[in-house]
Amino acid sequence: MSHGKHFTLYSNQGGPNGWKVVMVLEELGLSYETIYLDLYKEESKSPEFLKVNPNGRIPALIDHKNDDFVIWESDAIMLYLVDKYDTEHKISAAETNGKYHQLQWLFFQASGQGPYFGQAGWFKLFHPEKVPSAQQRYQKEILRVWGVLDSVLSKREWLVGDKCTIADLSFVPWDLTALKFLMTDYEGFSEETFQKDFPAVKRWHTAMMTREAVVKTWAVRNAANKA
């Protein structure tokens, strides 16, 4: 790559997972250039991109200061970035037990939040025919995941230790997508009921959305979607 930045990130303007990586890059002040792939044109399935990620999905990251090291899967990328570049543990756990709890929540995000929220999005926005029972099934899973998080966050400020880490940040894009799009037509759901039913999640999400790096990430996202 000739852009001279530390990283090349392959992503998509609308998909939540790439923005998880951008938040970490911004938190750590690392330079990057983003290549946005058009998923409708199946650019992520092109022979060129499959050399980067054989799974044909975004995001994928190339570290040009580490012999063009390639890594894909958003939570794996987040872990790589903090393990290699967050030497002061600004947004990552420092102690062994904390690191395993950090992994625990990243696994929960990857297996519990991402797939269920994603399926809610598929059946609401992209499935060729309406299947209300399927859409509601995954919307109920969104509520269940928020319930798990609220039960923990009602007793502590952050998921791991006493600071915001990648464990917390990993939930932001899909939570925002759920609040803005996926749950808007769910019977009885509103911003008021979200505040009432999941007050700890609301407090936690709001705190992360006001972080400087997260604000910058969403400014970049909004600009990319307008381009």
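Is Ser-170 buried or exposed? In this predicted model, Ser-170 is buried, because its relative accessible area of 0% falls under the 20% cut-off.

## Surroundings of Ser-170

Ser-170 sits in the loop that links helix H6 (166-169) to helix H7 (172-182). Apart from neighbours within four places in sequence, its contacts are Lys-20, Asp-75, Met-78, Leu-106, Gln-109 and Gln-113.

## Nonpolar cores

The largest nonpolar core comprises 60 residues, and those with the most contacts inside it are Leu-81, Trp-105, Trp-146, Leu-149, Leu-159 and Trp-204. Helix H5 (residues 132-153) is the leading contributor, with eight residues. This core lies between domain 1 (7-90 + 219-225) and domain 2 (96-212), because both give residues to it.

Beyond neighbours within four places in sequence, Trp-204 is in contact with Leu-149, Leu-153, Glu-157, Trp-158, Leu-159, Asp-168, Phe-171 and Asp-175. A second, separate core has seven residues, among them Phe-49, Val-52, Ile-58 and Ile-62.

## Largest pocket

The largest pocket holds about 1,600 Å³ of space. Its lining has 40 residues, with Gly-15, Pro-16, Asn-17, Leu-39 and Trp-174 nearest the centre. By class, the lining has 15 nonpolar, 17 polar and eight charged residues. Helix H4 (96-126) is one of the helices that each supply at least two lining residues, and H4 provides the largest share, ten residues. Both domain 1 and domain 2 give residues to the lining, so this pocket lies between them.

## Second largest pocket

The second largest pocket contains about 240 Å³ of space. Residues lining it include Leu-176, Phe-189, Phe-194, Lys-202 and His-205. H7, helix H8 (191-197) and helix H9 (199-209) each supply at least two lining residues, and the largest share, four residues, comes from H9.

Terms used: Residues are numbered from 1 along each chain as its sequence is written. This is a predicted model: local features need pLDDT of at least 70, side-chain atom pairs count only at pLDDT 80 or more; totals for chains, interfaces and linings use all residues. Side-chain values use heavy atoms; hydrogens and water are left out. A nonpolar core is a set of buried Ala, Val, Leu, Ile, Met, Phe, Trp, Tyr and Cys residues joined through side-chain atoms within 4.5 Å. Buried means under 20% relative accessible area, exposed over 50%, partly exposed in between (1.4 Å probe, protein chains only). Domain bounds come from an automatic or database domain assignment. Contact means heavy atoms within 4.5 Å. On a 1 Å grid over the protein atoms alone, a cavity is a set of points where a 1.4 Å probe fits but cannot get out, and a pocket is an open set with protein on both sides within 12 Å along at least five of seven lines; lining residues have an atom within 4 Å of a point. Grid points are joined across faces, edges and corners, and a volume is the space filled by probe spheres set on the points. Ala, Val, Leu, Ile, Met, Phe, Trp, Tyr, Cys and Pro count as nonpolar, Asp, Glu, Lys and Arg as charged, and the others, Gly among them, as polar.
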